[in-house]
Amino acid sequence: MFKKRVKSTLALGGCFLLLVANTLCAQVGMDYATDDGILRMKPNGELQFLWNDNKIRISFDASVLLRDYDNKALYLGYYSTEGDKRRNVYNVKDSSRHPLIENNYLYPNSIFFKVGEREYALVYVVRRRIDATTRPEGLYYEVYNDSTGELRFKGNGRLILLGTFDINQSSFPYRHNPKTVDMMQKPGINRSYWLLAHNRDSICVFSFATDTVFLNHVWRKPNTEHFIDDLPIEQVMPVKDYYSGTRRYLLFSSTGRNILYQQTHIGLSQPSKERLISQVHASVELFGFNPHQGRIVSAQLLDEDRFIDTITTDPDYDPITEPYMVSQFNMMYSYSPVFSDNDSFLFIRKKLIEEHPEYSAPDIIKYNSVLRYQLKTNAVTVDSIPLDKYARDLLWGADRNLYFNWELSGGLGDRLFKIPMPYRQDAGKIKVNPTPVLDIGEYGGSAFSWDFLEQYYPALGLDLACGGDSLLVRNHSHPYFTEFKWQLRHGGSTLAHSSRRGLKVPMPAGGRYLLRLTAKRPGGITAVLDTVLHLPGKVKAGIAMDTALGCAHQEMSFRDASRSDTSAGATWHWRFFRNGLPVRESRKQHPGVAFDSAGAYSVSLVYSNGFCSDTAWMADTLFVLDAPAPGFDLSDTLACAPATFMATDRSSGAITAREFRWSSGIACADTVCSERFIFPGRYKLTQTLRGPTGCVTRDSAWVRVRPGITVRDRVDMLYATVVDSHRIGLAWTTDARGMGYRLERRGPGGDTAHAWIGGPATDSLIDTIPTSAAHTAYSYRLWPVDSCGSPGAASNPGGNILLRHANHDNGFVALEWAAYQAWGGGVMEYVVERSPDGRSWADLSALRARGYTDPHLPIADTVWYRVRAMERGGHAQQSHSNAVRVPLVTTLFIPNAFSPNGDSLNDVWRVGHFGLASFECRIYASNGQQLVLGRDPDHIWDGTLNQEAFPLGGYRYVITATDVRGKVMAYRGVVVLVR
């Protein structure tokens, strides 16, 4: 059985596992967490312990490690499930131990990385069945600041993704803690990272930028774990699962362009007391990753193994009470994966073991080797490196060699071995002679975690420059390479080649070229860099102008006369000098320049085609004559019609003639000139001056006249109508010359409020300020206002109709309202509307008066009324009043006597009523005999029965009625019959 605790992920810090363009990580080596300290590997392969006093053994189950090169500190965090060191975390700084985290969880599968100046992030997975925390299961992160110089973690973390991550540490307490999260820096973006996580059957990519985390991409895997159907049916049906778990591993490659995904699913079932069934399914998949978009772009299966074994056991064995003794049988799965630099190779250790069902029996290791996948080919190829059965975890070293640790017999510890690269191959077979380099782990602890802190990569890099008539190629390759070969090709021909470190060739003509750099090191690898060059070719700067003689304060034109194979990306830099001092410059291709003083001037032009540049120079070849300096002031440049503008001369120098001329045709020769414009538009004023040398100079300016509004201009208020009990709607005609409208509202007691309504096209408004349009009458007026702030005339007033009502004992409802007075033609008629619910309205009557009586009330508990005013002529508008709700009360009036004598007065006994839904009346004689059953309250009894008149006297009645609300009413009494 395995008895080792192998640590989990070490996070990345400082220099991240990503090549961006041709940038190169610092040559700083790598650090690894071990049970006995921190192992450092220098770039030359030298190994040393930073902390190994052999006094305190960490014995951690999971760790995070960060090298902070700015503060020259090394931070180590670990999670322990043994003894007094449970969840203790330390900071290793200057080879001394200091507390790093107090009373804070550090979970397996944590990653720890630096995200800014003295700022760090910790990302971790929470599983309640592992740590018994009350927090929900999911992916969390925390950001910390080291402003005091001592790193302290605080807070309870922030949730990134809710859900179950496939750690299953309780199922594999003695196995490698699977790596469920990983991270990498985004290409060329500081303080921004890709965070990789696995959740059930999904691979999730998050964008992480300090305190901001959001889900960028999700790739969902098909479910490939359930393969119990491979068993015979007689074994499947009675099987009861006692043990099941899936170990997953997720890892960014060194460049970030690949993602490794591993899973090993193990199930243990017992169909009977005598038989156990062990199932193992292991697979390795490689995903292509776009580090610029944060998306998984491809997927391929590299390796897959399945085992199903039946084991005969002791019939008295109980896998529930002794689960540790029946772990796995005939297990083959892959683990300890590492990528080489630049993703050229992927190394995975693959092992086949047969574990004995008895605890004391030794394991049988049948197969242990390293699979090497070559990734930079069209088809992934694989070969095998055999290892000893006790060889364990793999590591790609800073010195470009492959390392693994070897478990020494008798529990005496581990030893680190190196496989020199590249391999020695004979007849297609790889021969490996591992070299022991260091004894590590006094107590047999594993040598290092799966991941490592930092790497450097022998990268190729170059940049281009134009050195006059030459093309210069500077070599920025890593000093690991010592031999170089250059080739410059065009159209299938080799134009130049060199074996120097750099390349210098005559500048070729513009076109597309292929530049190849081949670099190698004796006994090392060979790398090739192909670069496509789009060269713009040679350049020749040139200057052209119509005349070399000009006047001061008068613009002179200069033209670019440069020559190049292409103008794509071209730039121009003109400079003008007087007496050796620069006075003007321009970046235009063909600039126009005016000089302030007379004299001789020099001109230079630096022309660039985007790669090479050339300079043209004309020394003291431009002569400028003296001339008056033009200039004038305007009283305004923007006004509303009608507008008057005044120009005042501010010119200087000797002047023999002066003129102001407007574009309207008006001209004057005075020093002050004014003009009045009635119509809107843009007008130009030009000043022309002539000096004693004959030079003519000019200056000009534009003025703008906007449409204006006079005191005679007004808009019409179309209507003011009640929208509901708290809002009044307004509408009016518009004036396109204005910028908006000023609205005035007058309320009770002369209370006045104003509002600004922007936009000349606005023609309506809902006034939400009124607190009660059902009880208050308001009056509105509008003024159009132009862009200069001048108002026009006030509009006609508009106000809401205020409707009032009175209910006269349910006999009738009386309505009255104030006249609507806003329309010039007056009101044509008022229309009274009624509604049972205040939503659907029906017209009752149209009339000229301002009052109405409704004697025909409906059988209901409520009735609504409103009034609509109709404009006479004009714009044919209408305005609604407020709606009033009139409650109606159910009423019964029961007479106590009637006289059926034929005088047409009270000949029939009836009941006065209102609001009834049903009615029933029973009349009884004195002996209790029922005489009448009536259901019509308007005609109950005429004093007869079967055409025979009843004698005078009193008769008892019982009335039962239901009103429109469903209320039941009962009445008893005596009615007297008289003649």
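## A walk along the disulfides

Start by selecting Cys-668 and Cys-673: both of these cysteines are buried. Show their side chains and you'll find them joined by a disulfide, with an S to S distance of 2.1 Å. Keep in mind as you click around that this is a predicted model.

What kind of bond are you looking at? A disulfide is a covalent bond between the sulfur atoms of two cysteines. A search of the whole structure turns up four disulfides, so let's visit some others.

Next, select Cys-466 and Cys-612. A disulfide joins this pair too, S to S 2.0 Å. Turn the view to look at the S-S bond: with 105° about it, the link of Cys-466 and Cys-612 is right-handed. Now colour by secondary structure. Cys-466 lies in strand S30 (residues 462–467), while Cys-612 sits in the loop between strand S46 (599–608) and strand S47 (613–625), so this bridge ties together parts that are 146 residues apart in sequence.

Now jump to Cys-640 and Cys-788, which form a disulfide with sulfur atoms 2.1 Å apart. The link of Cys-640 and Cys-788 is right-handed, with 100° about the S-S bond. Cys-640 is in strand S49 (residues 638–640) and Cys-788 is in the loop between strand S61 (779–785) and strand S62 (798–799), so the pair ties together parts 148 residues apart in sequence. Is Cys-640 buried or exposed? Cys-640 is buried, with a relative accessible area of 9%.

Technical notes
Residues numbered from 1 in each chain as written. Predicted model: local features only at pLDDT ≥ 70, side-chain atom pairs only at ≥ 80, totals over all residues. Heavy atoms only, no water. Disulfide = S-S within 2.5 Å. Helix = DSSP H or I, 4+ residues; strand = E, 2+ residues; numbered from the N terminus. Buried < 20%, exposed > 50% of the residue type's maximum accessible area, 1.4 Å probe, protein only.
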